[in-house]
Amino acid sequence: MSLTCFFLLPSFEYMIDKKDILFYTTSIEMVLKELRRKKGMSQGKMSGLSQSDVNIEFAQKYEVTINMGRMESKPNFGMTKLLYLCDYFEISTIDFFKRVLSKEKNEIIEFIKAKEEEKRKRKRRKKQISK
């Protein structure tokens with residue numbers, strides 16, 4: 001089931017909870033990473049643009065400083081930044097949100113699990129280095 005259902009409910013009885021917020025923010029994170037990867041591949045970079053590449057290009061194009069890593073990992077930004085991001089990635093805001101809403105629940109859960117596993121691996125490596 002996609003997240004679109006949330007917006008199609010005709011009743012105001014539905015209350016958003018922390019799980020819904022986690023799913024929406026994770027979907028935004030997934031879309032930003034996909035857009036960054038796609039833009040990099042269109043520029044001939046097979047692995048996509050790095051977060052640093054985006055930060056630099058963004059500053060040059062808009063004279064606005066962003067931290068793409070933070071925006072991806074904790075997507076809590078205002079409309080102005082969203083409009084800049086959509087312009088940068090050459091996508092309309094409607095298409096951006098369509099992509100966000102098209103993420104399936106199981107896809108989001110798998111992304112969260114993979115992210116948590118990567119975090120555990122980094123912690124283990126950090127412990128090994130500090131020994």
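Residues are classed by relative accessible area as buried under 20%, exposed over 50% and partly exposed in between, computed with a 1.4 Å probe on protein chains only. The structure described here is a predicted model, in which local features need pLDDT of at least 70 and side-chain atom pairs count only at pLDDT 80 or more, while totals for chains, interfaces and linings use all residues. Residues are numbered from 1 along each chain as its sequence is written, and side-chain values use heavy atoms, with hydrogens and water left out.

The protein chain contains seven helices and zero strands, where helices (H or I, at least four residues) and strands (E, at least two) are DSSP runs numbered from the N terminus. Along the sequence the elements follow the pattern α-α-α-α-α-α-α. Of the 131 residues in the protein chain, 31% are buried. Among contacts (heavy atoms within 4.5 Å) with a separation of 6 or more, 58% are between residues 24 or more positions apart.

Helix α2 spans residues 18-42 and has 25 residues. Its first and last C-alpha atoms lie 36 Å apart, close to the 36 Å expected at 1.5 Å a residue, the expected span being 1.5 Å times one less than the number of residues. At the start of α2, a side-chain oxygen of D17 reaches to within 3.1 Å of the backbone nitrogen of K19. Just after α2, G44 adopts a positive phi of about 90°.

Two packed helices are described by the angle between their axes and the distance between the axes. Axes are lines fitted to C-alpha atoms, for helices over the stretch in contact, and angles run from 0 to 180 degrees between N-to-C directions. The axes of α2 and helix α6 (residues 93-101) come within 8 Å and cross at roughly 120°. The two helices, α2 and α6, are therefore oblique to each other, given that angles under 35 degrees count as roughly parallel, over 145 as roughly antiparallel, 65 to 115 as roughly perpendicular and the rest as oblique. The contact involves Y24, S27, I28, V31, L32, L35 and K38 of α2 together with F96, R99, V100 and L101 of α6.

A further pair is formed by α3 (residues 51-62) and helix α5 (residues 79-88), which pack at an angle of about 100° with their axes 11 Å apart. This angle makes α3 roughly perpendicular to α5. On the α3 side the contact is made by V54, E57, F58, K61 and Y62, and on the α5 side by Y84, L85, D87 and Y88. Also within α3 is D53, which counts as partly exposed at 22% relative accessibility. D53 and M68 are 15 residues apart in sequence, and their C-alpha atoms are 9.2 Å apart in space.

Helix α4 (residues 68-73) includes E72, a buried residue with a relative accessible area of 0%. Not counting residues up to four places away in sequence, E72 touches E29, L32, K33, R36 and Q51. The side chains of E72 and Q51 are joined by a polar contact of 2.8 Å; such a contact is a pair of N or O atoms within 3.5 Å, of which, within protein, one must be able to donate a hydrogen and the other to accept it, and residues adjacent in sequence count only if both atoms are side-chain atoms.

Positive phi values also occur in loop residues other than glycine. E63, in the loop between α3 and α4, has a phi near 55° and counts as exposed at 73% relative accessibility. E90 lies in the loop between α5 and α6, has a positive phi of about 55° and is exposed, with a relative accessible area of 68%.
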